[in-house]
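Please read it with the coordinates open beside it.

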Amino acid sequence: MALTPAVTAWLKGELGSTVDLTDLDARYTRLGSARAVALEVLRERLADLRTQPTTVNVSGVVSVSFTENIKSLERQIAALEDGQPPAPDDPTDPDGSTLGGIGMLYLVERPRR
């Protein structure tokens with residue numbers, strides 16, 4: 001399974017235009033869907049950001065924070081997991097619309113007494 005121009009354009013829209021197309025093609029062959037490729041790349045970026053300090057301060061010189069970047073990646077991942085925006089290779093209903101109602105359910109442990 002190779003990348004089509006529509007899938008390539010969608011991935012560039014989600015991941016940025018500087019992505020390595022050879023890497024994306026290999027991932028697409030392995031994973032089988034554009035959404036899975038985008039999620040894998042974004043999760044890797046998020047993991048890389050989380051391993052770095054979130055803020056750097058040099059008194060009176062510079063202050064840099066990556067907290068909003070982390071939140072932005074988390075929001076983008078959540079949207080992709082919920083099926084937004086639709087990818088060109090998403091499965092469709094017989095009427096041509098994309099399948100709805102399929103998402104991820106996260107279970108959160110309740111505090112115990």
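How many helices and how many strands are there in the chain?

1. There are four helices and two strands in the chain, where a helix is a DSSP run of H or I of at least four residues and a strand a run of E of at least two, numbered from the N terminus. Read from the N terminus on, the elements follow the order α-α-α-β-β-α. The model is predicted, and local features need pLDDT of at least 70, side-chain atom pairs count only at pLDDT 80 or more, and totals for chains, interfaces and linings use all residues. Residues are numbered from 1 along each chain as its sequence is written, and side-chain values use heavy atoms, with hydrogens and water left out.

2. Of the 113 residues in the chain, 24% are buried, buried being under 20% relative accessible area, exposed over 50%, and partly exposed in between, with a 1.4 Å probe and protein chains only. Taking contacts (heavy atoms within 4.5 Å) between residues at least 6 apart in sequence, 52% join residues at least 24 apart.

3. Helix H1 (residues 5–15) and helix H2 (residues 21–31) have axes that come within 12 Å and cross at roughly 110 degrees; axes are lines fitted to C-alpha atoms, for helices over the stretch in contact, and angles run from 0 to 180 degrees between N-to-C directions. H1 and H2 are therefore roughly perpendicular to each other, on a scale where angles under 35 degrees count as roughly parallel, over 145 as roughly antiparallel, 65 to 115 as roughly perpendicular and the rest as oblique. Their crossing is right-handed, a crossing being right-handed if the near helix is turned clockwise from the far one by less than a right angle, and left-handed if anticlockwise. On the H1 side the contact is made by Val-7, Thr-8, Leu-11, Lys-12 and Leu-15, and on the H2 side by Leu-21, Leu-24 and Tyr-28. By class, this contact of H1 with H2 has six nonpolar, one polar and one charged residues, with Ala, Val, Leu, Ile, Met, Phe, Trp, Tyr, Cys and Pro taken as nonpolar, Asp, Glu, Lys and Arg as charged, and the others, Gly among them, as polar.

4. H2 and H3 pack with their axes 9 Å apart at an angle of about 120 degrees, and that makes H2 oblique to H3. The crossing of H2 and H3 is right-handed. From H2, Leu-24, Arg-27, Tyr-28, Arg-30 and Leu-31 meet Ala-34, Ala-36, Val-37, Glu-40, Val-41 and Glu-44 of H3. The residues of this contact divide into seven nonpolar, no polar and four charged.

5. The axes of H3 and H4 come within 10 Å and cross at roughly 160 degrees, so H3 and H4 are roughly antiparallel to each other. H3 passes H4 in a left-handed crossing. The residues that meet include Leu-39, Leu-42 and Leu-46 in H3, and Ile-70, Leu-73 and Ile-77 in H4. By class, the contact of H3 with H4 has nine nonpolar, two polar and six charged residues.

6. The count comes to eight salt bridges, each being a side-chain nitrogen of Lys or Arg within 4 Å of a carboxyl oxygen of Asp or Glu. One of them pairs Glu-40 with Arg-27, the closest N and O atoms being 2.8 Å apart. This pair links Glu-40 in helix H3 (residues 34–51) to Arg-27 in helix H2, 13 residues apart, and Arg-27 counts as buried because its relative accessibility is 10%.

7. Asp-90 and Arg-35 also meet through their side chains in a salt bridge (2.6 Å, N to O). Asp-90 lies in the segment after H4 and Arg-35 in helix H3, 55 residues apart, and both Asp-90 and Arg-35 are buried.

8. A further salt bridge joins the side chains of Arg-43 and Glu-81 (2.4 Å, N to O), with Arg-43 in helix H3 and Glu-81 in helix H4, 38 residues apart. Arg-43 counts as partly exposed at 38% relative accessibility, whereas Glu-81 is buried, with a relative accessible area of 11%. Salt bridges that share partners join Asp-23, Arg-27, Arg-30, Glu-40 and Glu-44 into one network.

9. Please also look at one peptide bond. The bond from Gln-84 to Pro-85 is cis, with omega near -15 degrees, and Pro-85 is placed in the segment after helix H4 (67–81). Most peptide bonds are trans.
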